[in-house]
Amino acid sequence: MSTVNIIDFVYLISAVLFMLGIKNLSSPATAKLGNKLSMSGMAVAIIATLASPDMNGYIMIILAIGIGAGVGGYAAKKVEMTSMPEMVALFNGCGGAASALVAMAEFSGHTGAFANFTLITLLLSIIIGGLTFTGSIIAYTKLQGIISTRPITYPFQQVVNGGIVLLTLLLAWVVFNDPSSTFSFFLIIILSLALGVLAVIPIGGADMPVIVSLLNSYSGLAVSMTGFALNNNALIIVGSLVGASGLFLTMIMCNAMNRSLANVLFGAFGAIDESAQDAGEGPTGSMKGFEVEDVAIALENAESLIIVPGYGMAAAQAQHVTRELGDYLTEEGVDVRYAIHSVAGRMPGHMNVLLAEADVSYDQLYAMEDINDDFATTDVVLVIGANDVVNPAANTNPSSPIYGMPILEVDKAKTVVVLKRSMNVGFAGIENELFFRDNTMMLFGDAKASIQSLLSAIKK
Amino acid sequence: METGTIIIGLTIFVLACFAGAELISKVPQTLHTPLMSGSNAISGIAILGALIATGRPESINAESLLGFLAVIFATINVVGGYMVTDRMLQMFKKKKRKKKNK
């Protein structure tokens, strides 16, 4: 067996370890083991590569790994759980950049003529990796609020973007026919980077979770392309795993919002739409702001409580006090459960992670389809900084932008308590008639402060 | 590159896509964030290509410099992704619920 064969065999082992890793993610009880298996798959593959006989430049390699591990490790240790979506977006951007850079390195170091297939996959890797890099950075800045979370649109935007795609492919054709045309090659790099920016800026902040998943899928695709070009099976397999995982999460979120991927990408959802309000579609009546004491009495008298967290809980870092309140009421004999919509927060499963951080047992967390029928028999629902995922207009108002989106049907409960920062509309910019209903008690203020005062009022 | 090699590569790609989709559809909603950050860490596997690009040239040239950058980016992706996933998974606990039937 030659060394190349041995290395390929080790790559097979690491691919199996990755697969087992994901398989073990099917339950929170085995997930930690899964992540360890996945890590060892990576370690084995890296060691095998480093041990191959024609390796030089170990000093450079050690230096680069040191820098990368330092930066990545520091970021991973420091990041707040509430900022996880931004962190994942940035890491993902790094993955895209790495694939594109590997393809560029291969392009520059290649000796002799390129095989057609190699050239095509290299160019695809550069284009996809490049736009994943800048797209992820824009997604990061939108999630952080560094640039406006509203869609940035301008006339003929899609025509311009389409034109850039065509131009990029045209240049790729030029390079394909003449790999020595350096100018076209550099232009492809620049255009791919521009494409990532231009494709993400018209997408509203509320849709960023979908975009981060989709970009995750792209980074996988870029890795697979690099794998084809380098004829490296580990890269091909892993890239397709990641591509499938990203696409799967993207589709889950699109389904959870009842929107197509095309609508997310090109719909500029959340652009301020005045027509709906002008046409008198907005809810009538007034929101009833309540005092902490009133809400505390409602909670004390409840036998069952469902807590519905949304991004507002994350923004206020209210997950710990939420758990305190939940635990206290549980001890008082209230049946406390948590209902989590798949697009609550800024990434799939975001709320679950925050509640896990606050030490809520994961068997208290329910997905929408497992708990929606129970709202009608529940005394009190406590909505913490969630808005669109509990908006009854999704079921009742065909002119609403979110009509048809599956929601948590909290309005069926006897009493709904909504903790909300202000009277303003939510992230997606849509009015919510739930807030105007007779069985709804609004409690305005910072979620963390509200829950703290609720807790002390109940304990009194 | 021979057509045979391409076909083998494509076969692996398509089969791995199906296997991946099958595995991932079993992951519950509660773990979707760790799934995302974990699969994100795996996508840092581009580090293998990056190591080869850095280590193959006998002296420093454009290829090895690009490879050097790629190793940095890929390592951030791998190390950061795994650590953050591990941090999250450590938090998922099932508590003994003492006051269950009261």
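Guide: Welcome! This is a predicted model, where local features need pLDDT of at least 70, side-chain atom pairs count only at pLDDT 80 or more, and totals for chains, interfaces and linings use all residues. Residues are numbered from 1 along each chain as its sequence is written, chains are lettered from A and ligands numbered from 1 in the order in which they are written, and side-chain values use heavy atoms, leaving out hydrogens and water.

Visitor: What is the area buried between chain A and chain B?

Guide: The size of an interface is often given as the accessible area lost when the parts come together. Here about 8600 Å² is buried between chain A and chain B, with 74% from carbon and sulfur atoms (the accessible area, 1.4 Å probe, that two parts lose on being put together, summed over both). L25(A), M42(A) and M60(A) supply 7% of the area that chain A buries against chain B, more than any other three residues.

Visitor: How many salt bridges does the rule find across the interface of chain A and chain B?

Guide: A salt bridge is a side-chain nitrogen of Lys or Arg within 4 Å of a carboxyl oxygen of Asp or Glu. The rule finds 3 across this interface. K93(B) forms a salt bridge with D359(A), their closest N and O atoms being 3.5 Å apart.

Visitor: Is I13(A) buried or partly exposed?

Guide: Buried means under 20% relative accessible area, exposed over 50%, and partly exposed in between (1.4 Å probe, protein chains only). I13(A) is partly exposed, at 37%.
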